[in-house]
Amino acid sequence: MEGNINGFSKLSKRDKINWIAQTYFSNSTDIVELIEQYWNSDEELQKLHDEFIENTITNFYLPFGVAPNFKINDRWYTVPMVIEESSVVAAASKAAKFWSERGGFKTTILGTEKIGQVHFIYKGDKNKLVEFIKSIDKKLYEDTTSITQNMQKRGGGISAIELRDKTADVDNYYQLHVTFETKDSMGANFINSCLEQIAKTLKSEAVNHIAFTDEEKAIDVVMSILSNYVPNCVVRAEVSCPIEDLKGKDIKEPQLFAEKFVQAVRIAEVEPFRAVTHNKGVMNGVDAVVLATGNDFRAIEAGVHAYAARNGQYSSLSHASIENGIFRFWIDLPLALGTVGGLTSLHPMVKVALKMLQSPSATELMQIIAVAGLAQNFAAVKSLTTTGIQQGHMKMHLMNILNQFKANDAERVKVVAHFEKHVVTHSAVVELLESLRK
């Protein structure tokens, strides 16, 4: 390709595919056939998927798996997970069963507050601005009534509007820090619509404020946008049991295991290089359920990692302790989720996932997802401190390697049998396949 292509978005779906195939591939016919193989045979269903985003040419599949045996607050769940990484679903399922036999997971909602901000520049007397915001406080709420009335009927809406002075960071920079309750909706569109109206009211009222000079009246709104950092929309998930109850097939010495587990978590609390990988394990579980339920995993990731660094250094999201013979493992996660609106009411598989979870509210979904993260984290740390992470992971990865090299059924049987007694590595699998094919 040389230079821009004009009018690409106006091309038909088929013309877009043909242009891509002819521009980037020598075997354009094969590429077109491959792309079309991933279309849904149901034209209406395919049209629905095509309209989720722009310039759609096909579908991109990820596995939709399920992890059973989750006991959360004495209620049983089978958790849907959308993820491509080997061993995540198996590890979550194993951890779920382990803790279901030891009382299950307990969860607590610590808060549901969400945040949006109007960022603006004001050049003038701060005291006059403070008095001005006080004088228009009621109108800021009133002018959003048409947007908030339906949310208010469900118990949500704008909770507070606060002026914040940020001039120490950026010259003349202030913000209206707005808190929201959005109930079962994630609320992004609702929050942004409210903020844009608040910004309009701010500017229009400033122009007519008699105490302002001409320069002070010229408030410049830089942007109005929700924040994906939600440190007051947090759920806690935890497990605990007497140390002796930890004993099992992989845990012969429960006291030693508990002590080593707590040490591993403590290392993740103080060492950022370890904490990043530790928390990635948490997010293996979290993101998989977020995707399955049609929520925004990018927003969740951004907010969670900001939360992990809230005290000035990136640290572990989970924590563990031993007190009076009791092992305890817990996690606090900021999760702004929705179970209505967006993909939750459009994507057929999202509807399946939510129905499988017994049609949860947003707060119930927060609890389920936090538990999935904790379960995944427990499985990872347990493996690291006992058998090592690669033993289980590489056995799950074995199928991917066999698929990569197009192993037939006879080869698969022999390879799987061989690695029941040997360590799985990519090179070892390749060598065995080559020897069988000779």
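Reply: Gladly, and please keep in mind that this is a predicted model. The chain has 16 helices and ten strands, and its C-alpha atoms fill a box of roughly 90 × 70 × 40 Å along the principal axes.

Me: What share of the residues is buried?

Reply: Of the 438 residues in the chain, 44% count as buried. The chain exposes about 22,900 Å², and carbon and sulfur atoms supply 51% of that area.

Me: And how many positive and negative side chains are there?

Reply: There are 47 positive and 52 negative side chains, and the centres of these two sets lie 5 Å apart.

Me: What about contacts, how many of them join residues at least 24 apart?

Reply: If you take the contacts between residues at least 6 apart in sequence, 70% of them join residues at least 24 apart.

Me: OK, strands now. Which strands pair with strand 10?

Reply: Strand 8, residues 234-242, pairs with strand 10 in the antiparallel sense over nine bridges, and strand 9, residues 318-323, is joined to strand 10 by six bridges, also running antiparallel. As for individual positions, V235 stands opposite L333 of strand 10, while A320 stands opposite F329 of strand 10.

Me: Is strand 10 mostly covered or mostly open?

Reply: Strand 10 spans residues 326-334 and is mostly covered, with seven of its nine residues buried.

Me: What does V262 touch?

Reply: Leaving out neighbours within four places in sequence, V262 is in contact with A320, S321, I322 and F327. V262 itself lies in helix 9, residues 254-270, and V262 counts as buried because its relative accessible area is 18%, where the cut-off for buried is under 20%. Its C-alpha is also 8.6 Å from that of F329, although V262 and F329 are 67 residues apart in sequence.

Me: Buried or exposed, and why?

Reply: T293 counts as buried, because its relative accessibility is 0%.

Me: Which polar partners does its side chain have?

Reply: A polar atom of the T293 side chain lies 2.8 Å from the backbone oxygen of V289, and the side chain of T293 also makes a polar contact with the side chain of N295, at 3.3 Å.

Me: And which residues does T293 touch, not counting those up to four places away?

Reply: With those set aside, T293 touches T344, V350, A353, L354, L357, L365 and I369.

Me: How does K355 relate to T293?

Reply: K355 and T293 are 62 residues apart along the chain, and their C-alpha atoms are separated by 9.8 Å. K355 is found in helix 12, residues 348-356, and K355 counts as exposed because its relative accessibility is 61%, whereas T293 is buried at 0%.

Me: Back to backbone angles. What is the phi of N172, and what about K406?

Reply: N172 has a positive phi of about 65° although it is not a glycine, and the phi of K406 is near 50°, again a positive value in a residue other than glycine. I point these out because most residues other than glycine have a negative phi.

Me: Where do N172 and K406 sit?

Reply: N172 is in the loop between strand 5 (157-165) and strand 6 (173-181), and K406 is in the loop between helix 14 (389-404) and helix 15 (409-418). N172 counts as partly exposed because its relative accessibility is 29%, while K406 counts as exposed because its relative accessibility is 71%.

Me: Last one: where is L432, and what does L432 touch?

Reply: L432 is in helix 16, residues 426-437, and, not counting residues up to four places away in sequence, L432 touches V415, H418 and F419. At 17% relative accessibility, L432 counts as buried.

Terms used. Residues are numbered from 1 along each chain as its sequence is written. This is a predicted model: local features need pLDDT of at least 70, side-chain atom pairs count only at pLDDT 80 or more; totals for chains, interfaces and linings use all residues. Side-chain values use heavy atoms; hydrogens and water are left out. Helices (H or I, at least four residues) and strands (E, at least two) are DSSP runs, numbered from the N terminus. Buried means under 20% relative accessible area, exposed over 50%, partly exposed in between (1.4 Å probe, protein chains only). Contact means heavy atoms within 4.5 Å. Accessible areas come from the Shrake-Rupley method with a 1.4 Å probe; for residues, only the protein chains shown count as cover. Lys and Arg count as positive and Asp and Glu as negative; His and the chain ends are not counted. The place of a charge is taken as NZ of Lys, CZ of Arg, CG of Asp or CD of Glu. A polar contact is a pair of N or O atoms within 3.5 Å; within protein, one must be able to donate a hydrogen and the other to accept it, and residues adjacent in sequence count only if both atoms are side-chain atoms. Two strands pair if DSSP finds at least two bridges between them.
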